Each structure stands twice: as C-alpha cells, then as structure tokens.
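Morning, everyone. Please bring up the model, and let's talk about its disulfides.

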Amino acid sequence: MSNTLLRQAIRRALGGAGVAGVTLALAQVATPAFAQDAPVNQQLETVTVTGSRIRKADVETAQPIIVLDRAAIEHQGFSSVADILQNLSEAGSPAISRADALASGESVGGYYVDLRNLGANRTLVLLNGKRLGATTDGLQDLSQVPMAAIERIEVLKDGASAIYGSDAIAGVVNVITRKNYDGAEASAYVGQFDEDDGAKQTYSMTFGSHNDRGSITFGAEYSKEDPVWAKDRPFSAYGSTADHPTTGWSIVSQWGAFFLPPGSCPGQAQSPIGACTLNPGGNPFGGPDQYHGTNTNGAISDRSNPNEQMFLQTGIERKSLFVSGDYNITDNIKFSTDILYNKRTTQQQIAGYPFQPAFALPWLGPNAAAIGLSADSYYNPWGEDVYFYRRGWEVPRTTKSDLSTYRISGTLEGNFNIGDRTFNWDVGGYVNTNDLLKINHGDFSLTALTGALGPSFLDPGTGLVTCGTPDNPIPYGSAPGQCVPWNPMIPYGQGGAGSLSTTRELQQYLFPYYNSTGRTKSVDYSANITGSVFTLPAGDVGVAAGYEHRNETGSYVPDAFAQSGLSTNLSAGPTGGGYSVDEYYLEVDVPVLKDMPLAKELSFNVAGRFSDYSSFGNTTNGKFSLTWKPIDDLMVRGNYAQGFRAPTIADLYGGLSGSFEYYTDPCDTVQGSASRNPAVAARCASGAGIPHAPADYHQIGQGGVPCSTYPCQTGISFLSGANPALQPETATSKTLGVVYSPSWLSGLDVSLDWYRIRINHAISSDSVQDILDDCYDRGIVARCASTYFTRDANGVVNYFLYGLANKGWVDTEGYDLGVNYRLPEFSFGRFAIRWDTTYVSHLNVKPTDDAETIEVYTGRGSNFRMRSNASLDWTLGDFGATWTTRYYSSITERCSFAAECNMPDYVSPDTGARAVNRSGANTFHDLQVRWNAPWNASVAVGANNVFNHVGPNLYSQPNSNFSYYGGFDIGRFYYLRYTQKF
C-alpha cells in the first residue's frame with residue numbers, strides 16, 4: 001500500500017475524530033479496504049500507533065503490525081473474534097480448544113489467542129487500548145467481545161512490556177470498537193456443516209448518531225453455535241479413529257464388570273482377578289456384540305466407547321450489548337466512554353462416569369474399604385461385599401459455564417499549547433468484572449453411592465426396596481435425608497427395581513448438580529501526556545509519559561463436593577487472592593536524519609517502564625526501536641525489548657486440583673521408550689534414586705487394566721497446584737526486518753521480519769509426560785524425585801504431584817513474510833493478493849535450570865514449523881469474491897500403531913531413539929462470494945474448507961481429546977450473511 005493510501009485508510013478509520021489507538025503498518029494491512037487516491041498535501045491528524053504512546057502523523061514505524069479492518073473480517077466466514085485471530089499465520093495452537101472435551105476448571109469455555117505458541121497468557125489483549133479482563137489464570141477471553149462491535153483488530157508481533165506492562169511478551173492484540181457511527185445496520189449470519197450439524201447463527205443491530213459536539217453508538221448481538229457430536233466424525237467416533245474402531249475402548253462399560261466370589265459367574269469363566277459381566281439373563285455379556293471383548297489380563301468383559309457420548313465441539317451462546325460515546329466539553333476537552341455487557345454460555349458433554357472400586361469416603365482414612373455393593377443389600381445374592389466397574393451411561397457428564405462480563409471505561413482527554421507546541425493528555429480508567437457460574441452434572445455423589453449400595457430391604461408396607469434395615473429404615477427419595485437403593489447389576493437400557501436406566505429418583509439421588517463460582521475484577525486508572533518537546537533538523541522529538549495503577553482480584557470456588565472429595569469429580573481447592581501494581585513509563589522518539597543520501601529517514605525510539613507489584617516487588621523493562629529508510633522504497637526496522645509476565649492469581653493462590661492424565665510411560669515395554677532404547681530401559685530398572693519399574697512392565701490404565709492404546713489415561717487422580725513464592729518471568733525479544741514498496745510497481749508491498757524471543761525463569765506447569773520423559777528419556781535425576789511421583793512394587797505410577805515453578809527457559813526464533821499486491825483495475829475487475837507466512841526455526845525448552853538436554857518442540861504436537869495463508873480478492877462494481885488458502889506443515893508424533901509408523905528408527909536430539917510417525921502437510925480452502933444490493937444491503941455466501949479436507953490421524957491428541965488436531969476444520973462449513981443498512 002502506498003503512503004498516500006495508507007494515510008487515507010487511517011482517516012477513514014478515524015472518521016475525522018482523531019481517536020487514539022489506530023494501528024496500520026506498511027506491508028501488513030489487510031487487503032479488503034482500499035481508498036482512492038487523494039491529494040498528498042491533505043492535512044493529517046496525529047494518531048497513536050499500537051506499540052507506542054506517542055502521537056504523530058507518520059504511521060510508518062519500526063513495529064511489525066497486522067491490521068484486520070471490518071471489511072477484512074467480514075470477508076472471512078468466521079463468527080467469532082478468536083476464530084479470526086486463530087487463522088493468522090503467527091497464531092499458535094488454541095489454548096483450551098473447543099475439542100478439549102475433558103478440560104476442566106475456571107477458564108474452560110472461553111476463546112483465547114496464543115501468538116508464537118508461547119501460551120495465551122503471554123499474549124496481551126487490549127480493548128480500545130486498555131486491558132481486557134482476565135481469569136485468575138491470566139487468560140483473556142475474546143468471547144467477551146461481540147463481532148458487531150468491532151471496527152478493526154490490530155496485532156503487534158513484538159514484545160511491548162515497556163509500553164503496556166506485564167504479559168506483552170509474544171505480542172499484543174488490540175481490538176478497536178466502532179465509534180462515530182451514523183445510521184442503523186442489522187445483520188444476520190447463519191451456517192452449518194455439511195453433516196447438517198454445528199449450526200451457527202448470529203444476529204446483530206447497530207445504530208448511532210454524531211454531530212459536532214459528540215457521538216453515540218449502540219449495538220446488540222445474539223450468537224449461538226450448536227455442539228457437534230464426536231460420533232459424527234470418523235476421526236473422533238472412536239478413541240483411535242475409525243481406522244482402528246476396536247481399540248481405545250474403556251474396560252468400564254455401561255453393563256458393568258463385577259468382582260464376585262469364586263465360581264459365582266454364571267455361564268462363563270472368571271478372569272484371574274475374579275471379574276465377569278452379569279445381566280439378568282445370565283449371559284456372559286450384557287451389551288450388544290460390538291461391545292464384547294477380552295481384556296489384556298484375560299477378563300471377558302463388555303467395553304464402552306466413551307466417544308459415543310462426547311461433544312467434539314462444544315456449544316456456545318452469547319448475548320451482548322455495547323455502547324460507545326463521546327462528548328466535546330470544550331474545543332479542547334472531550335469525554336469518551338465505552339460500556340460492554342456480555343453473557344457467554346458454553347455446554348460440554350462427555351461420557352457417564354466410569355465408576356471403579358477405587359473410591360472410599362475420605363474421612364475413613366487411607367485404609368478404608370472401597371465403595372461396593374454391600375453384603376446386606378437387597379440386590380446382593382452372595383452374602384458378601386461385591387466390587388465392580390460400572391459406567392454411569394444413563395447420565396452423561398455435562399458442564400454448563402455461564403460467564404457474565406460487565407465493563408465500563410471513561411476517559412477525559414484534551415490538548416493544550418506551550419508556545420507553538422501542542423501536547424495531548426488523557427486521564428481515565430476502567431472497571432472490568434467477570435462473574436462465572438459452572439454447573440456440573442453426571443458425577444456420582446460418594447455419600448449417595450454409600451447409601452444406594454449399602455444395606456437395603458423390601459418394605460412390605462410400601463412395596464419398595466428401601467435403604468437401611470427394617471429397624472432403621474431411610475425414607476425413599478432423592479431429597480436430603482432420603483435414599484434410593486441401586487442394583488448395579490441391571491445393565492444399561494433395562495428396567496426393574498433399582499435400575500439406573502428407568503428409576504428417575506435414583507438418577508436424581510446419585511447425580512446431584514454441582515455449582516462452582518468465580519469472579520475476577522480489574523480496576524485501572526491512568527494518566528498520560530504526549531507531545532513534541534523540541535525540534536531537530538530531521539523533525540520533532542516526541543515524548544510520552546504516564547502513570548497507571550491497576551488492582552486485580554479474583555476467586556474461583558469449586559463446589560463443596562469437589563473440595564471435600566465427596567464426588568467422583570476431580571478434586572479441586574479454592575483459588576482466591578489479588579495484587580496491585582503501580583507503573584510509570586517514559587517514551588522518546590528521536591528523528592536523527594531525513595532526506596539525506598542513504599538516509600531518507602533515520603530515527604529511533606526508546607521506552608522504559610517501572611512496575612511495582614505488591615506480590616513480588618518491582619521490575620524495570622526497556623525497549624529500543626530503529627527505523628532506517630536508505631531510499632524511499634525501502635525501510636529497515638529493528639526492535640530490542642525486555643519483557644516480563646507477572647504470576648497470576650491462580651499461579652500464586654490456586655488450590656490443588658486433580659486430573660486423570662493421558663501419558664505414555666517411558667518404562668512401558670510395549671510402546672514406551674524402554675522398548676527400543678537400552679539407556680531408558682536401564683534407568684527404569686536401576687532403582688538408584690529413580691522410581692523402579694520391572695523389566696516386563698506394562699503401563700496400567702483405567703480399571704487397573706494394562707494399556708492397549710497410547711497415550712493411555714490413568715485410573716488414579718494426579719494432583720497439581722500453585723506456588724506463592726513465584727517470581728515473574730523475564731523475556732527478551734528481538735526483531736529485524738525490511739519493508740519494500742517499489743515505486744516502479746504501484747500497489748506492491750513486501751515485508752520480511754526475523755524474530756527471536758527468549759523467556760527466562762519460565763512459570764511452567766509441569767505435565768506428567770514431561771516429568772517422566774525428563775527422568776527416564778533425558779536422564780535428569782532431579783526430575784525423578786519422590787516429590788514428583790512414586791511407583792508401587794509392580795512399577796505402577798501410584799502418586800503424582802506437579803505444579804508451578806520458575807524453571808528453565810523457552811526460546812523461539814522464526815521469520816514472517818508478508819506480500820501484498822493490489823493490481824491495477826481492469827475491465828473485468830480489480831484483484832488484490834495477500835500472502836502471509838510464518839516459519840519457525842526453533843521452539844526449544846530447557847525444562848529445568850540444571851537440565852542437560854534441551855527439549856525440541858518445533859514440528860511436534862501442535863507446534864507447526866510453518867503456517868501460511870494466501871488470499872485472492874476480486875471486486876467488480878457491486879460484486880466481489882475472496883478465495884483463501886490456509887496451509888499447515890507436517891507434524892511428528894510418537895508411533896501408536898506399527899502400520900502408521902513411517903520413521904521407526906528415528907533418533908531425536910533430545911530423547912534419543914524413539915519411533916515416530918510424520919504426517920503430511922494440510923491445506924484448507926475457503927471461498928466467499930458477495931453482492932451489494934441496490935436497496936442498501938449486502939449479501940455474502942461462502943464455504944470454509946471448500947474441499948472438505950480432513951486432517952491426519954494424530955494419536956497424541958494435540959489440543960484436543962480426540963486423535964485429531966484441535967485447530968483443524970472438522971468439515972465443510974456453509975454460511976450466509978445478510979446486512980441491511982438504514
């Protein structure tokens with residue numbers, strides 16, 4: 001884009017109002033919006049560019065920035081801010097994707113953006129230049145922002161802690177809302193997948209008015225996206241995809257497996273552990289043929305496919321209201337305000353809980369007997385306690401998350417003159433509150449189970465099987481103080497007394513609703529001033545300075561059942577706390593040379609920020625930027641920035657929580673590293689300061705059964721927690737790039753930027769897999785300590801505690817290429833080409849300070865080496881079309897099946913010998929066709945993933961709970977958008 005067109009784009013965005021926060025970067029502006037040529041000498045207003053606090057007319061800065069204006073957003077077929085940002089080539093994998101069906105906790109259900117794959121809490125999100133409210137985990141939920149409110153989105157691909165403070169390590173996303181709107185607009189968006197599911201609908205209304213004294217803009221939006229069932233896609237219908245439909249099933253089925261006294265299994269042989277399947281007819285199996293199987297330990301049993309009851313993609317519903325207004329109090333003083341309300345409801349569903357004889361009432365101590373069917377139960381014919389596996393298939397587990405956001409900001413801004421110099425000032429603040437309610441259903445109450453499976457008898461007076469004894473009966477019912485007996489030997493789908501399938505009171509008794517609540521509140525006020533202090537031969541020296549105070553408080557209180565361990569839900573403790581910070585910053589922009597040979601422009605920018613936190617102390621961070629234009633057509637830009645990320649409320653004050661983790665034990669002699677790497681096998685067998693596993697060890701999964709697919713889910717709840725002694729992460733980021741806009745080819749801009757980011761003292765949440773790999777694969781003895789994990793005498797991992805710590809470092813390096821070319825206008829229309837590519841040279845992690853091996857992540861899991869997006873836009877009169885191509889490079893993961901293992905002899909630089917499978921690259925194509933109707937309306941129809949491309953099987957389940965990458969399209973999606981202006 002030429003300099004003239006670039007400046008005109010700014011003026012269109014400003015609407016002549018001089019609103020701060022406009023960000024446009026040469027060779028990085030989205031394609032759809034272009035203005036006609038205008039006189040070059042047109043007077044420009046000064047603006048503030050994201051990444052700088054200094055107001056100036058020249059918008060060509062050293063900052064590598066992307067801008068998506070409203071037209072660019074509408075030319076994509078997405079209905080949420082997060083989906084749009086997720087498809088930037090610089091974006092990493094989605095944090096807590098909608099395919100993370102098993103994810104739990106406060107942040108689940110939100111939409112987050114992760115630049116450079118460094119974690120969503122290392123990308124700062126702003127709303128009109130001010131921080132968006134965050135969860136106690138430090139995640140900023142983009143679903144709070146309605147699409148109808150957005151004017152443009154600006155993405156700074158550089159560290160900016162010197163300008164904005166904590167979290168701005170990987171970059172900054174600034175969402176700018178609509179202002180100065182005059183008129184009214186209604187819009188409707190509807191769409192669904194090829195499979196007639198996943199329907200999406202969005203309806204919005206915007207209206208406003210402005211005059212010389214001020215303006216006001218109102219908007220409302222309703223959006224709903226239906227869930228998609230895992231069973232309706234081949235890659236998620238089974239645990240290991242439709243290519244392996246009989247593997248990955250759970251031993252804990254809806255028909256049950258019972259540990260009976262010897263010789264008590266009618267019509268079948270008992271397994272070595274005494275388990276068999278029962279049903280009222282006495283057949284060996286309770287379920288249909290496809291659910292029959294023989295487990296690894298020889299037990300004949302039914303199995304279940306949990307994916308049949310799971311959502312592949314969660315449902316979400318949003319209701320939003322927003323108001324933006326400003327009023328000119330005098331010619332030099334203006335008041336502006338933004339008000340936002342948003343309610344987001346998300347719905348998750350997974351299979352009914354797999355109850356196992358591993359639960360006991362916590363107050364009975366560690367040696368308490370597991371909960372089972374009492375010998376005195378009316379339904380127990382054997383006269384002794386019976387233990388069993390039984391999935392609560394009748395009541396799937398669901399989580400409904402309601403998040404209500406209330407946000408109000410106000411700013412008083414103006415200007416004054418000292419001599420012939422103008423200074424701009426502003427004083428303002430905002431309050432952002434998020435209220436969360438999570439309602440869980442489908443987990444067994446352990447107290448109710450104890451009663452339902454305990455002593456019971458047939459009451460002759462009522463004809464009902466009643467809990468208790470004839471001398472001490474418990475009233476029948478699901479209310480407090482009541483009880484309903486359960487006969488777990490009646491399989492799913494069959495009725496009778498004590499049937500979980502047909503007895504509604506039993507379902508209500510065993511499965512209460514669990515309510516967890518949370519609240520976060522951000523209060524911020526600031527004062528800023530900017531202007532030029534003196535003039536050098538090359539131009540004005542600009543200065544900005546300011547003060548900001550921010551107070552963050554937050555809490556998340558799990559249901560009392562989860563806190564006390566009285567349900568089969570994951571145990572979790574409460575999180576609560578807060579901190580405050582006072583910050584001061586100074587920024588100076590110095591023009592050094594101008595209009596000289598080999599120096600059409602040479603300038604630098606220096607900034608520093610002092611931050612004083614109540615939680616850990618103070619930190620100072622600086623930034624240096626350089627802009628050099630040897631000729632008019634070429635700009636060289638570079639940045640060096642220090643950054644930091646303060647520990648979040650959950651990092652410091654979070655409680656312990658439990659989870660049933662998926663992992664591949666390196667000591668497993670079937671699929672673990674020990675099966676092919678003698679060094680790993682030796683470490684597993686040594687026992688010298690390392691938890692010992694036998695030479696023939698086979699990893700144990702749910703139900704106490706050896707694993708048949710990997711990664712395998714543990715049947716024991718592992719614990720993770722916070723650390724109040726955490727210190728901030730520190731970071732350095734460097735960028736160096738060129739922007740070439742040849743005068744001999746109007747409309748062409750090419751940019752190439754190198755970046756490198758290193759994070760020290762990383763606040764890391766360990767994973768089970770990383771700790772085990774560090775201990776056995778990499779030989780880091782410190783990671784083998786019993787404070788992390790232990791094994792029992794058979795080698796089974798029976799305890800795991802992992803949490804947060806400042807340890808090691810993260811280092812990433814790569815290149816961003818941007819090509820924008822707007823061709824001359826032809827008789828058959830005008831074309832615009834945009835091509836953005838990000839290539840990651842490396843993403844490496846040193847997990848601990850004393851680790852001898854550096855972990856390599858590039859090209860593994862969800863860390864793509866290269867992502868590339870290309871679009872071709874065509875317009876002719878009232879018609880237009882856009883074709884977009886999204887490219888993802890190949891992914892490497894551990895082998896799960898011999899037939900899908902194309903690199904069995906691979907030797908990794910960090911883990912040694914490890915059989916891996918490398919999938920091919922993936923490309924998705926999108927198409928939109930649009931028409932501007934003569935009645936002041938626009939119609940757009942399109943399809944995302946036009947060719948219905950399906951990604952490869954990825955058994956490591958990157959960013960999902962299925963054998964598929966959570967960021968890939970899950971089918972061809974058709975949509976229609978209609979907009980009517982009044």
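Start with Cys 667 and Cys 684: both are buried, meaning under 20% relative accessible area, where exposed is over 50% and partly exposed lies in between (1.4 Å probe, protein chains only). A disulfide joins Cys 667 to Cys 684, S to S 2.0 Å; the term stands for a pair of cysteine sulfur atoms within 2.5 Å. The bond is covalent, between the sulfur atoms of two cysteines.

Some ground rules. This is a predicted model, where local features need pLDDT of at least 70, side-chain atom pairs count only at pLDDT 80 or more, and totals for chains, interfaces and linings use all residues. Residues are numbered from 1 along each chain as its sequence is written, and side-chain values use heavy atoms, leaving out hydrogens and water.

How many disulfides does the structure hold? Five. I'll take three of them, including the one we opened with.

Back to Cys 667 and Cys 684. The torsion about their S-S bond is about -90°, so this disulfide is left-handed. The pair links distant parts of the chain, 17 residues apart. Cys 667 sits in the loop between strand S33 (662-663) and helix H9 (678-686), and Cys 684 in helix H9. Helices (H or I, at least four residues) and strands (E, at least two) are DSSP runs, numbered from the N terminus.

Next, Cys 467 and Cys 483. Their sulfur atoms are 2.0 Å apart. Which hand? The torsion is about -60°, so left-handed. Cys 467 lies in strand S24 (residues 465-469). Both cysteines, Cys 467 and Cys 483, are buried.

Last, Cys 775 and Cys 784, joined at 2.1 Å, S to S. Here the torsion is about 110°, so the disulfide is right-handed. Cys 775 and Cys 784 are both buried.
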